[in-house]
Amino acid sequence: MIGFNELIKIFFTKYTVFVSPNISYYFKHFIEFLIKMIILYGGVLSFAGILTLLERKISALIQDRVGPERANIWKFTLWGLFHPLADGIKMIMKEDFIPEKANKILFTISPIIVIFSVLIVFVFLPFGNYLEIFGYKIKLIVIETDLAIFMVIALSSLAIYGVFGGGFFSGNTWGIIGSMRAVSQMISYEVITLFSLLPMLMIYNASTLHQVIEKQTNMIFGFIPSWGIILQPFAFIFFLTAALCENKRTPFDVVEGESEIIGYFIEYSSMRFGAFMFAEYIEIIFFSMIITIFFLGGWHIPFLHDYGFVFGSYIIKMPSQIIYLMEIVSFGFKVASVSIFIIFLRWTLPRFRFDQIVSLAWKGILPLSIINIIITAILLRFMK
Amino acid sequence: MIKVKNIKIKELNFFERIYIIEIIKGLIITLKHFFSNFKANIIGGKITTIRYPEEEIPILGKARLKSKHRIKLRHDGTPKCVACMLCATICPAQCIYIEADETPLPVEKYPKIFNIDLSLCVMCGLCVEACPEDAISMDSGVFEGGVYSRKQSASRGGLFYTKKELFKNLEHEKESELGASNGLIFRRD
């Protein structure tokens, strides 16, 4: 068990080179930490960039259009892959405008809070089993702690301050309406995110997220993977709904409501707006990772064991390095497919009304998720 | 008596109210569109979009009769315009400027300067209606109006049309013999 005090101790002792007398030990840990951070954040940020393109491309294909494909370097378009780059350059070059009525400091801080709170949560999430370099095993999770899931939910809910501040201190009425909607919506669904994950923690009887995934690697009857989506389909649906709502995407996008009020970031321009938009896409990845960890078995590939594939009596042996790499790819694939599924949902469903969203949370999903917790508890009690 | 029509809104049944089945139905529709378009983009097939500067479709209907202006020429290369100023007078945008001069031909007058500032033109077609000689017409078939400079002449990529750009015949065009005073020339031939 690692508590919060220990967590802070780890952060200030394990990864600080200068304090320690035993430099080589800490240096090794520091390098390990650095490798993990580069893999994790490199992957997340570049995938967030690609998601902005994917969203436009998928929406185009759904609506019988062609989508972005014109950005090129020397007539070389690469299926539109230069568009995120062009977007980034455009955002930096735009005028950075602060309205007269806005509170300058809070207006500036708000996007920083949002992007900070969505980026920091990734340190608690595992993104693969192990990585083996020169015989040295690296556990692919930056900070492993029992508090992970609570830290994740607490830190990600910090984004509310940024969202609220962005709208409220911009001095724009639409911004205030948007941020009020955003806050009430996010607070409503914050409860459901935790309540839909609680039965999962109860079933797995695990606290760290690494253990949560290891508990899912069993097979039921030898051929059904015991992933969370099979054990707890309702919790999956509740969590997906709550995640979409936390993310403020369609069908719960009254905050933005493209044709209506634009929302809390109406006064933002340039890279400040870019931070809000980028945070939305990073949040998609974050929720996809949580869904993958809790409901889709993390890096687990069915029939893959520590030494290779096993189909009944038929065995394909593989070296452990390749298995670990396959597990990372499997995790990435699952995260990408859930992200794309969320994008598909956006371009399929119409928008909910605001009162419908809030009543769906408090009258619909919240009681159901509590009932789900109780039933799970009773069943677990009887199965013991 | 006012007729009142009561419209009954169909109540959703239980399965429709829990949304999930309906969401899956909707997803199937979008997935169908997605994959058919994906296939068309990768392998090749019917794409609705016309990639405009590379691809063009023939202009529909009578739309080709409201394209950019031109002045028709006679078989000897002189303009059919007799500088009567009717088009410059009727033009609501006042974008046509003409200076007349004498000519030894039986029509006696010809335009020394004929300018149309297309950045002012509203494409109403009144000049074509007013022309007694069937000289000015809007059937050149050129629609693209995007330029970088308004003031520069059309040959340099602007919107200011002078004699040089305006006086032209279309390819394979049958010479028009219409016109009040142009009749003098054609009849004498």
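The largest cavity is lined by 13 residues. Nearest its centre lie N247(A), K248(A), Y264(A), F276(A) and E280(A). The space inside comes to about 110 Å³. This is a predicted model, and the values here are computed from it.

Which helix supplies the largest share of this lining? It is helix 11 of chain A, with 4 residues. Helix 11 spans 270-295, and helix 6 (159-168) of chain A also supplies at least two residues. By class, the lining of the largest cavity has 8 nonpolar, 1 polar and 4 charged residues.

The second largest cavity has a volume of about 80 Å³. Its lining counts 15 residues. Those nearest its centre are C81(B), C84(B), C87(B), C131(B) and A135(B). This lining has 14 nonpolar residues, no polar ones and 1 charged residue. In total, the count comes to 5 cavities of 30 Å³ or more.

**The largest pocket**

Pockets are open, unlike cavities. The largest pocket holds about 1,500 Å³ of space. It is lined by 46 residues, and the closest to its centre are F234(A), F236(A), I237(A), F238(A) and I20(B). Helix 13 of chain A gives the most, with 12 residues. The pocket lining has 31 nonpolar, 10 polar and 5 charged residues.

| Space | Volume | Lining residues by class |
|---|---|---|
| Largest pocket | about 1,500 Å³ | 31 nonpolar, 10 polar, 5 charged |
| Largest cavity | about 110 Å³ | 8 nonpolar, 1 polar, 4 charged |
| Second largest cavity | about 80 Å³ | 14 nonpolar, no polar, 1 charged |

**Where the chains meet**

The size of an interface is often given as the accessible area lost when the parts come together. Here, chain A and chain B bury about 1,500 Å² between them. Carbon and sulfur atoms account for 69% of that area.

Polar links also cross the interface. Between chain A and chain B, 6 residue pairs are in polar contact, with both residues at pLDDT 80 or more.

**Salt bridges**

Side chains of opposite charge can pair when their charged atoms come close. The structure holds 16 salt bridges over all chains. Across the interface of chain A and chain B there are 2. One salt bridge joins E69(A) to R51(B), with the closest N and O atoms 3.0 Å apart.

Another salt bridge lies within chain A. E32(A) and K36(A) meet there through their side chains, at 3.2 Å from N to O. What separates these two residues along helix 2 of chain A? They are 4 residues apart in that helix, so about one helical turn lies between them.

Technical notes: Residues are numbered from 1 along each chain as its sequence is written. Chains are lettered from A and ligands numbered from 1 in the order in which they are written. This is a predicted model: local features need pLDDT of at least 70, side-chain atom pairs count only at pLDDT 80 or more; totals for chains, interfaces and linings use all residues. Side-chain values use heavy atoms; hydrogens and water are left out. Buried area is the accessible area (1.4 Å probe) that two parts lose on being put together, summed over both. A salt bridge is a side-chain nitrogen of Lys or Arg within 4 Å of a carboxyl oxygen of Asp or Glu. A polar contact is a pair of N or O atoms within 3.5 Å; within protein, one must be able to donate a hydrogen and the other to accept it, and residues adjacent in sequence count only if both atoms are side-chain atoms. On a 1 Å grid over the protein atoms alone, a cavity is a set of points where a 1.4 Å probe fits but cannot get out, and a pocket is an open set with protein on both sides within 12 Å along at least five of seven lines; lining residues have an atom within 4 Å of a point. Grid points are joined across faces, edges and corners, and a volume is the space filled by probe spheres set on the points. Ala, Val, Leu, Ile, Met, Phe, Trp, Tyr, Cys and Pro count as nonpolar, Asp, Glu, Lys and Arg as charged, and the others, Gly among them, as polar.
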